[in-house]
Amino acid sequence: MPEPPPTADVSTALVTGGSAGLGQVIAATFADAGYRVVLVGRSSERLDAAKQQLDTQPGRDIVTLAGDVGVREDCDRIASTIEDQFGRLDVLVNCVGTSDRGLAGELTADRLHELIDQNVVTTLLCCQAFAPLLESSRGSIVNIGSLAGKVGARYLGGYNAAKHALAGLTQQLRLEWRDKGIHVALVSPGPIRRDDAGTRYRDRTDATLPASASAPGGGTKVKGLPAATVARAVLACAQKRRTDVILPGYLRLLIVLGNAFPRLGDWLLLKFTS
Ligand SMILES: NC(=O)c1ccc[n+]([C@@H]2O[C@H](COP(=O)([O-])OP(=O)(O)OC[C@H]3O[C@@H](n4cnc5c(N)ncnc54)[C@H](OP(=O)(O)O)[C@@H]3O)[C@@H](O)[C@H]2O)c1
């Protein structure tokens, strides 16, 4: 039997989309909790820049591996590299995903395919490629959903459909992989504070939509969350094997009420979005 790699005693977390936005903050949070963190993204330049920023805090063990997680061969290659170099994977955070703007009534099939590819297929391929390593470690998968995967909302184009599909995939994998010891969880945050919030989707927001449509969450009246709060919830979710986390937490009650009483749910959604 081959010797395990010398570093196999260090807990390892992989964050897809770790070179920007929420993924980079999640990477910092896991690194500060003592994990070796593997950042995955398509652009090597972006990965290098993120690593450089993350390395400014001493003691962090950050590794970058470039690849497109929408491509099965790239996911398999990254899984082999992790097995060869580190001998283990304890946590997979699937953070790659993209929002949208527009009316579902005008959504094209091509755009919906793109959003499903970016938000769901990337996650599916990573879960499949890394499952053997996670089975060995009895590890955790945390998929980053959205409030848009828990309820509908106006003006979010195909994002609601894509994140609802991700929520369904997450629960199904959790049930299927329970006996393998792999924990599969969903974290569904509301809008996250960032410098470019409110401007990112302007080019997807046409004049027929209210100006609020390009705002975070498509104009949802929920206060923006600090990315660090979401990242801490992701870490706790992996470590405490939580299954389904909604942020901010008080919205869970409204979502449960809305599911039990759909007319009330629609009323609440219209009230909470402008
Ligand atoms: N921002 C919010 O307010 C908010 C709210 C709720 C939920 N979320 C969810 O949080 C997640 C992160 O969102 P974000 O806005 O922080 O992301 P972001 O800033 O747009 O960053 C996306 C990251 O994913 C990487 N990426 C994209 N496609 C990839 C692919 N096919 N393979 C590998 N890497 C890929 C990008 O790097 P490359 O381009 O170099 O590949 C980048 O590192 C998403 O799932 C989003 O739906 C966000």
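Guide: Tyr155 counts as buried, because its relative accessibility is 14% and buried means under 20% relative accessible area, exposed over 50% and partly exposed in between, with a 1.4 Å probe and protein chains only. The model is predicted: local features need pLDDT of at least 70, side-chain atom pairs count only at pLDDT 80 or more, and totals for chains, interfaces and linings use all residues. Residues are numbered from 1 along each chain as its sequence is written, and side-chain values use heavy atoms, without hydrogens and water.

Tyr155 is placed in the loop between β5 (140–144) and α5 (159–177); helices (H or I, at least four residues) and strands (E, at least two) are DSSP runs, numbered from the N terminus. The phi of Tyr155 is near 75 degrees, a positive value in a residue other than glycine. Most residues other than glycine have a negative phi.

β5 pairs with β4 (residues 91–94) in the parallel sense over four bridges; two strands pair if DSSP finds at least two bridges between them. Val91 has Ser140 of β5 as its bridge partner. β5 also pairs in the parallel sense with β6 (residues 183–189), over five bridges, and Ile141 stands opposite Val184 in β6.
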